[in-house]
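Open the model in your viewer and keep the sequence panel beside it.

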Amino acid sequence: MNYTLPLRSAWPILWFLAVCMSLSFCAAPAPAQEECFVMGSEENILPRNFNYANRTYTEKNIRCVVHVLHDNQYFPNSNIGLDIIIDAFEQLNVDFEGTNISFELIDVTYTHLGSFSWATSYRNDSGVCFPQYGTQMSQWTNMVKWNTAEYCNVYVAPDFCSSILGFAWVTYYPWSTLDGVWVETEVFGTYGPQLTFRFENETLTHEMGHYCGLHHVFKNNSGTVQGCGLNIGPCEHTGDYVCDTPPTKVSYGCPGVAGYHCPETTYSGVLFQANNHMDYCAEECRDVFTPGQIERMHAMLEYQRPDLFSNETFCFGDFDGDCFVGTSDLLHLLSYFNCDYCTEADLDLDHMVTAADLQLLLSVYGQDCNCDDLFIPTHPIDKPEDIHEIVRKINEHMNKND
């Protein structure tokens, strides 16, 4: 389902690439090495006017494709069988029972590590590792990934950097080739010879929680909570942005299982129990998504990943609904330029319409989505035909604050 975007003019892409070379989002990620790494914005990207409390959410079935990177000679049992993958998704759906969110396994792909020039470095743990080497990751994902707007790509690989067991994108970036859920082979599934020390598939559940929009329960805006019940500010704007997960330090154990965890008591009026899927407590203790977390997952999925569970054709940058990214879409974005919390033209979901959104639109300018059933707006926008007039408008907006 990979495709090349047809462009009717080369200048937007050339302009975009020139700017892109100086921007951080074009670089490969270089995360800190920890058990789980969350890709994307640490901020609450839900707009202020997106009220997700007290809403009724429809059932969401997310279609998933699993991609397995394997090399049994160097990573024994990395070529996991289809039965293990099916079982992992059955357990994933058990963990998400009560959330009204389910996951459907659509397809599985297998890629031998020897297909890549960097295989030796990866095998010897002498350089290439995930997620630090985004370029090498992209070489694999570009071979196998399905449309990231419509499918959740789950990547299973035999080795990650340091002690990382999994990572996922909490923020959806349509231009990213790495979007999805990543799980190390040795913790994927509930049975099989590939498992070494975790046997309840909890890493997949945890990373899927991130993919659906959740942060760690021990997160605050600057890192991790340093105490038990520490007041770090209003729950809607701090921590994990969920009000029924009290601010506590990271848990590594739980009652009956050795390892640190905060005392199970009430903090800031909210009962803490070391049993949340989005904590680091022992996997045999993790069995809960709170009502607030469930609400946030639905809100985040509806806000930034609606095409995962929609039958409508996704066409990034197509504001007017004509299934073509053209002049009217460009003028629509320019009409909101420098506007805060204008979600109508905020492509990168940072609450502002800026040059970054313009660059994203220009990167797909001329895209024809080939929709079967075109939606024609009832109030079409005037479309100037002169490309020089469009360039003039862009320069006017880009330079008006100089």
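Colour the protein chain by pLDDT, the predictor's confidence in each residue, from 0 to 100. The average for the protein chain is 81, and 79% of the residues score at least 70. This is a predicted model, so local features need pLDDT of at least 70 and side-chain atom pairs count only at pLDDT 80 or more, while totals for chains, interfaces and linings use all residues. Residues are numbered from 1 along each chain as its sequence is written, and side-chain values use heavy atoms, with hydrogens and water left out.

Select residues 1-34. Here pLDDT stays under 50, and the model has 66 contacts beyond four places in sequence for this stretch. A contact means heavy atoms within 4.5 Å. Now select residues 373-394. Their pLDDT is also below 50, with 26 contacts beyond near neighbours in sequence. Where pLDDT is low, the predicted coordinates should not be read in detail.

Switch to cartoon view. The protein chain has 9 helices and 10 strands. These are DSSP runs, numbered from the N terminus: helices are H or I with at least four residues, strands are E with at least two. Among contacts between residues at least 6 apart in sequence, 69% join residues at least 24 apart.

Of the 402 residues, 53% count as buried. Buried means under 20% relative accessible area, exposed means over 50%, and partly exposed lies in between (1.4 Å probe, protein chains only).

How many disulfides does the structure hold? There are 4 disulfides, each a pair of cysteine sulfur atoms within 2.5 Å. Three of them follow.

**Cys 228 and Cys 262**

Select this pair. The S to S distance is 2.0 Å. Both cysteines sit in the loop between strand 8 (223-224) and strand 9 (266-267), 34 residues apart, and the pair links distant parts of the chain.

**Cys 235 and Cys 243**

Move to this pair, whose sulfur atoms lie 1.9 Å apart in a disulfide. Here the S-S torsion is about 85°, so the disulfide is right-handed. Cys 235 is partly exposed, with a relative accessible area of 28%. Cys 243 is partly exposed too, at 37%.

**Cys 254 and Cys 285**

Select these two. The disulfide has an S to S distance of 1.5 Å. Cys 254 is in the loop between strand 8 and strand 9, and Cys 285 is in the loop between strand 10 (270-271) and helix 6 (291-304), so the pair ties together parts that are 31 residues apart in sequence. Cys 254 and Cys 285 are both buried.

What is the closest cysteine sulfur to Cys 64? That sulfur belongs to Cys 152, 4.2 Å away and too far for a bond. Cys 64 is buried, at 0% relative accessibility. For Cys 212, the closest cysteine sulfur is also in Cys 152, but at 7.6 Å, too far for a bond. Cys 212 is buried, at 0% relative accessibility.
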